[in-house]
Amino acid sequence: MSAQQGKPDNTRIIRRLLLTVIGMFAFGFALVPLYDVFCDITGFNGRFTDGQAAANTKAVDTSRTVNVQFITRVNQGMPWGFEPEVRSVRIHPGETKVVNFLANNPTGSDMVAQAIPSVAPGEASLYLNKVECFCFNQQPLAAGTKTAMPMQFYLDPEIPDHIHTVTLSYTMYDMTENATPDALAAFVQPAN
Amino acid sequence: MSTVVGEMDQHDDHHHHAPSGLTRWLFTTNHKDIGSMYLWFSFIMFLVGGSMAMVIRAELFQPGLQLVDPHFFNQMTTVHGLIMVFGAVMPAFTGLANWMIPMMIGAPDMALPRMNNWSFWILPFAFAILLASLFMEGGGPAFGWTFYAPLSTTYSSDSTALFVFSVHIMGISSIMGAINVIVTIMNMRAPGMTYMKMPLFVWSWFITAFLLIAVMPVLAGAVTMVLTDKYFGTSFFDAAGGGDPVMFQHIFWFFGHPEVYIMILPSFGIVSAIIPAFARKPLFGYASMVYATAAIAGLSFLVWAHHMFTTGMPVFAELFFMYCTMLISVPTGVKVFNWVATMWRGSITFETPMLFALAFVILFTIGGFSGLMLAITPVDFQYHDTYFVVAHFHYVLVSGAIFSIMAAAYYWLPKWTGHMYDEGLAKLHFWASLISVNVLFFPMHFAGLAGMPRRIPDYSLQFADINQIVSIGGFAFGLSQLIFLWVVIKCVKGGEKAPAKPWEGADGLEWTVPSPAPYHTFDTPPKGFDKPPEVK
């Protein structure tokens, strides 16, 4: 039966429906960058742009104290030792603090790793500013050596009153396979 | 509707000399043939998926590990879910759509008959691939039908690619089916049948088809990401490469929640056709039924994260998804109210389709209420991933979707086969199913509230009694479905001759053609259509 008068013909509808299908398939993939953008803006999910914050110029709010805890873990199959020098610090919002993280490479080969941060509660990630962090770059570590890696941070005094504890978690991933030239340069023997 | 009776004659084979034997089924473009194939295919898949459920219930009959090893148990829960969702419920609805939509809107066939053939015939291949993966080294998919990363990426067996490709094919099949339904409904309705005069089964499928178009491609995207993460070194869901496993859940459930409405909206249409027929009263609130269905479909895109309350979402997001979820109970409540109001003071008779429809209304509502409980964020932390969830979705899918499919099968069997089914056996099937389905799923609520986790092959001793009862209910429910098979075969082979309209209170264009429906119906569009059949 042919299409009746006044009704759109089949091809037009099919074309539109197929476009919708392709569009929704693309939308599924578009969710990936959208998700990142959404999480970056809102701080949902404890992810945050790991960019370097400007040096602290904020006034210290001595009326409040926030407990900042540090958790470290290594990804499955990652042989490094990795832990914070202190498990937690109590700081005033606006106060700058340096905490060292200790890493050692017990294997017989040179390795490169990168730490990925996550903050709980997610809301706090918007107020935790890192002036300097080992997590900004890949960390090279020669076989059998160890190192102390500094992380300098402060909490924005705007941090909501109901947040009393912030947990900063780092997971160390093996990046040897995908190391940047900068990181690999550390392993080059100095010319004599 | 009675004005058009008699216009339809047997046109049997005068424009096609239908090939016989296997090629008839292989090359058919006839909506009735394809509908029948879909229905048989879904019933076979129902039995296959059901046997896997029997393995699960046999293992859980007693605490401890006795029959199968945990890895195989996980494959059973996974493939049971996949088969029941994509192999049993969805093809059954597509089969009903193929059979009934053209006859309900007075069209000679589906709009795109060749594509229709293809969308059916790729399905057996999809499920052959999925089932074959169970026999591969390392086993088939064992990560749950929801295939959360990293279970499906880092920790899955080598056969995961087969799972991915089979889901791709199922998705393509569903999308083609949906396109066909939409084009058919938009372009081939009988003269006078405006949108607001369509039968509700047609309406509910129209909306379902749009849901399919919108979300099946997202599922295809999700499985593709799993594929490339596992085999091609991408890191969509791998935190080591900058991805995020929680994002998998967002993408999956963006598909997954509309998917559950895909599996229930056509049920609403079926029940809205059956209840007025056996209550001998016009359907209460036709327009509100249409709007409620559309509202449920629209809201289904705003509730996905209620599956993810325990992933550490901010409280604001949890509350948003909680309230949106609860909002869905409003249009759903409208529907249940309308069905009850339709029956109010009706002269009801209790033939098997009506019994299944009534059981649907009651048991689906129970499933709806447990869904409402799960929607409450603070208590969901206790219910999450327990048997309470298993009880909830089996109430809406088994005693909801599947009961409605049974109701539809009994309601339209006389039209399909030309024979009345055996009412006594059918009632036996109904009562056996009704009792066993409740023995099977009701105690699961208590097991879940007491903390029994789902998808675990072993459990603590205190759950032993409940699980034994559940397993007995499971075996009984499984066996009861063989009665259904018997009734259908018996009805196909013979029985009392069915008149064109075997149900006194039924209405609609499908009842104006003889039983069995001739191979070609409505070669000329019927005339005199003036109101939806449910309104009479």
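Two strands are said to pair if DSSP finds at least two bridges between them, and strands (E, at least two residues) and helices (H or I, at least four) are DSSP runs, numbered from the N terminus. The structure is a predicted model, in which local features need pLDDT of at least 70 and side-chain atom pairs count only at pLDDT 80 or more, while totals for chains, interfaces and linings use all residues. Residues are numbered from 1 along each chain as its sequence is written, and chains are lettered from A in the order in which they are written.

**Exercise 1.** Work out which strands of chain A pair with strand S8 (residues 146-155).

Begin with strand S4 (residues 96-104) of chain A, which pairs with S8(A) in the antiparallel sense over nine bridges. Within this pairing, A:Thr96 stands opposite A:Tyr154. Then take strand S6 (residues 128-133) of chain A, which also runs antiparallel to S8(A), here over five bridges. A:Asn129 likewise stands opposite A:Tyr154 in S8(A).

**Exercise 2.** Describe how chain A is built, from its elements up to its domains.

Next, consider contacts, where two residues are in contact if their C-beta atoms, placed from the backbone, lie within 7 Å; of the contacts in chain A with a separation of 6 or more, 76% join residues 24 or more positions apart. Finally, turn to the domains, whose bounds come from an automatic or database domain assignment: domain 1 covers 12-42 and domain 2 covers 52-184 of chain A, and their centres, taken over C-alpha atoms, are separated by 35 Å.

**Exercise 3.** Characterise the side of chain B that touches chain A.

The contact takes 27 residues from chain B and 25 residues from chain A. On the side of chain B, the elements that give two or more residues are helix H5 (160-187), helix H6 (200-231) and helix H7 (245-262), and the largest share, seven residues, comes from H6(B). To sort this side by class, count Ala, Val, Leu, Ile, Met, Phe, Trp, Tyr, Cys and Pro as nonpolar, Asp, Glu, Lys and Arg as charged, and the others, Gly among them, as polar; the result is 24 nonpolar, three polar and no charged residues.
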